[in-house]
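Biologist: Could you walk me through the pockets and the core of this one?

Modeller: Gladly, let's look at it together.

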Amino acid sequence: MHLRTDLAPLAAAVKDAARALPARPPLPVLAAIRLEATAGTLAVAAFDYETSAESTLDAEVTTPGTVLVSGRLLVDITRTLKGAHPVDLELDGTRLLLTSGRTRYTLHTLPLEEYPTLPQPAAANGTVAGPVLAEAIHQVATAAGRDDALPILTCIQAEITDDTITFAATDRYRFAFRPIPWTPAKATGTTTQTMIPAKSFAEAAKILATDDQVHLTLPASHSVLGLAGRTRTLTLHAIYGQLPDHKGLWPSDFTATAELDAGNLADAVKRVALVAERGHPVKLDVTDGVLALSAGTAADDSARDQVTASTDLLTGAPVSIAFNPAYLLDGVTALTSDRIRLQIVNPFKPALLVPADANPTALRYLITPIREAG
């Protein structure tokens, strides 16, 4: 293998591929990045049996070939190199020579025959806008669980119809729900459901966030979700199962509704939460025109703050409700809206956070209150 390419696209491709490298590879070759040079193109890829990532870039290829090199080392090298010098890659026996300007590295290669075959998605089932997909996955992933002992709750569920993909996630204490439009290659009149680990789904969507269109290949018999942009292709292993039915969870009748400035609310939660010990809530008191926040007790450290609500959109009788401050802040932040609505049923049932404009395709975030002692 012998080729020349520009540093910036090479560094970007290596960085994207490295997202698929396992933290603790079960086999040495899974810590490697694969470089495959063909006519005019260099493909940079990584695979850990669950997730694969491959990026392609233009290259002046003198001699085609494929090599495996340490992924973390290649990331460090391409990130450290500076300047406008091109990068030359040349295979010399079992060593890869990487040269850029006056800097030269000699890298050990790993045995190609031990590397697994990268999964290849079938023909795409449809397309979705990259920025919309990235925002939706980032928002919904906020509510996904972190406990690997409950793998289903660490996933994002995607429900696909002929015009909409609905993403949902929950850790049992909050539930995030976001529909987005998509364009299927062929209308089927059916509904498809799949579960994808939230962490890898969020990473993949972030990589493709700048692509106008992302081609989706839905999991079939091979249980792989494929995502392809202009120069990057990713595959994610789907998990068998589904979230509990959530259609009956979403309240429609509320005792109190308050429209609030999202930034002001987030800042107030952060300030008050400073005195809330781990596992202790922040209390919200909704009264005429004001949302009062408090934490702590009179016998210990305590804090109070308040946020002004839009008077004409503060309805219902006064009510007090308490939340885990981190979960509340996650929801306010995930909505990415300047103004939000906090909709409360009663102090013991989940409350709803939505954007003030009530956009039907926006994120809906359901959060379970904490019942205060006494």
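Biologist: Which residues lie nearest the centre of the largest pocket?

Modeller: This is a predicted model, where local features need pLDDT of at least 70, side-chain atom pairs count only at pLDDT 80 or more, and totals for chains, interfaces and linings use all residues. Residues are numbered from 1 along each chain as its sequence is written, and side-chain values use heavy atoms, leaving out hydrogens and water. A pocket is an open set of points on a 1 Å grid over the protein atoms alone where a 1.4 Å probe fits, with protein on both sides within 12 Å along at least five of seven lines, and lining residues have an atom within 4 Å of a point. The lining here has 31 residues, and those nearest the centre are Pro 197, Ala 198, Lys 199, Ser 200 and Glu 203.

Biologist: Which element gives the largest share of that lining?

Modeller: Helices (H or I, at least four residues) and strands (E, at least two) are DSSP runs, numbered from the N terminus. Strand E4 (51-58), helix H3 (130-141), helix H4 (198-207) and strand E18 (232-237) each give two or more residues to the lining of the largest pocket. The largest share, seven residues, comes from H4.

Biologist: And which strand gives the most to the lining of the second largest pocket?

Modeller: That pocket is lined by 13 residues, with His 280, Pro 281, Ala 295, Gly 296 and Thr 297 nearest its centre. Three residues of the lining come from the strand that gives the most, E21 (residues 290-296).
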